[in-house]
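The following note was prepared for a colleague who wishes to examine the fold and a few selected sites. Please read it alongside the sequence and the coordinates.

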Amino acid sequence: MSTAEQQPENPSSSTPGTPDALLGPADIRELAAALGVRPTKQKGQNFVIDANTVRRIVRTAEVRPDDVVVEVGPGLGSLTLALLEAADRVVAVEIDDILAAALPATIEARIPAKKDRFALVHSDAMLVTELPGPPPTALVANLPYNVAVPVLLTMLDRFPTIERTLVMVQAEVADRLAAEPGNKVYGVPSVKANWYAHVKRAGAIGRKVFWPAPNVDSGLVSLVRRTEPIKTTATKAEVFAVVDAAFAQRRKTLRAALAGWAGSAAGAESALVAAGVSPQARGESLTVEEFAAIAEHKPAAQRPAL
């Protein structure tokens, strides 16, 4: 993170150079009041009220003029407007009825030249299987804390054309996603994210740029899709089954933790040895490639019938 990015954001509705299209604190509150919207913890709603922050997110995401960006949870449109300024097209997925109904009008009012480059999908992101227009090339989103990981993994899985992703999530979640083997917070999200992409922390976001201000800090996570998939004969489902089993009992050795998956502790040991992994190792020390190798050597009796 650059020195400039380390500086705390200063929420302002009229900072020098802020384009009129972007929303400031007063704009956000006025729009929310007009819609009768009150952010709720149940939906994980924390609206970004600082134009500098959304510009920083777009810059960090390296959004290009030819990008088709999908945004999950656009809310009142703060980030959406900044994305539209930088990208070719933006597709926003919003579950909230009121917010989904209001967003097109906000786009037309604030950035009319790009209204035809915007599409709205009124749905739960976990249920979306196709998007309108050209295939997305980037995913940029301020993800609700309570569903961040499943939404991220689902989008990466269903839309393989997404090359670059930048998500803003709870700092703790960001740490887990970007953790490397051996780190105490390395776990299921870390491994599964690495199945799809190269993952790294891309900055920190203060609490004051949100309305309402959350009780936790936020972080940016960058994911660049692998140009070549993990080399393995195992399927994604088979690999993820090993990952889930290994971390369900993360304090146990893999020989013990994978006993259920393999049918017995002896079967787990056999698979581990065949994969070149110590039966005494623990899941937190393994790379995604090593989990894939273990999946390849699951005892035949435990493999699903074809």
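1. Basis of the note. This is a predicted model, in which local features need pLDDT of at least 70 and side-chain atom pairs count only at pLDDT 80 or more, while totals for chains, interfaces and linings use all residues. Residues are numbered from 1 along each chain as its sequence is written, and side-chain values use heavy atoms, with hydrogens and water left out.

2. Overall composition. The chain has 13 helices and nine strands; these are DSSP runs numbered from the N terminus (helices: H or I, at least four residues; strands: E, at least two). Of its 306 residues, 51% count as buried, where buried means under 20% relative accessible area, exposed over 50% and partly exposed in between (1.4 Å probe, protein chains only). Among contacts in the chain with a separation of 6 or more, 71% come from residues 24 or more positions apart, a contact being heavy atoms within 4.5 Å.

3. The sheet. Seven strands form an open sheet of mixed pairing in the order E4-E3-E2-E5-E6-E9-E7; two strands pair if DSSP finds at least two bridges between them. Strand E4 (118–122) and strand E7 (197–205) are the edge strands, each pairing on one side only. On average, neighbouring strands of this sheet are turned by 20° against each other, direction ignored.

4. Parallel pairs within the sheet. E2 and E3 run parallel and are joined by five bridges, with valine 69 opposite valine 90 in E3. Strand E3 (residues 89–94) has five of its six residues buried, so it is largely enclosed by the rest of the structure. E5 and E6 also run parallel, joined by five bridges, and here alanine 138 stands opposite arginine 164 in E6.

5. Helices on the sheet. Helix H3 (residues 51–60) lies across E5, E6, E7 and E9 and runs at about 160° to E7. H8 packs on the sheet as well, touching E7 and E9, and its direction makes about 120° with that of E7. Axes are lines fitted to C-alpha atoms, for helices over the stretch in contact, and angles run from 0 to 180 degrees between N-to-C directions.

6. The H4–H5 contact. The axes of helix H4 (residues 78–86) and helix H5 (residues 97–110) come within 11 Å and cross at roughly 50°. H4 is therefore oblique to H5 (under 35 degrees is roughly parallel, over 145 roughly antiparallel, 65 to 115 roughly perpendicular and the rest oblique). Thr80, Leu81 and Leu84 of H4 make the contact with Leu103, Ile107 and Arg110 of H5.

7. Helix H6 and threonine 154. Threonine 154 is found in helix H6 (residues 148–158) and counts as buried because its relative accessibility is 13%. Other buried residues of H6 include Val151, Leu152 and Met155. What covers the buried residues of H6 includes strand E2 (68–72), strand E5 (138–142) and helix H7 (171–178). Threonine 154 and valine 128 are 26 residues apart in sequence, with their C-alpha atoms 9.2 Å apart.

8. Glutamate 163. Leaving aside neighbours within four places in sequence, glutamate 163 is in contact with Arg64, Thr137, Leu223, Val224 and Arg225. Its C-alpha atom is separated by 6.0 Å from that of valine 224, 61 residues apart along the chain.
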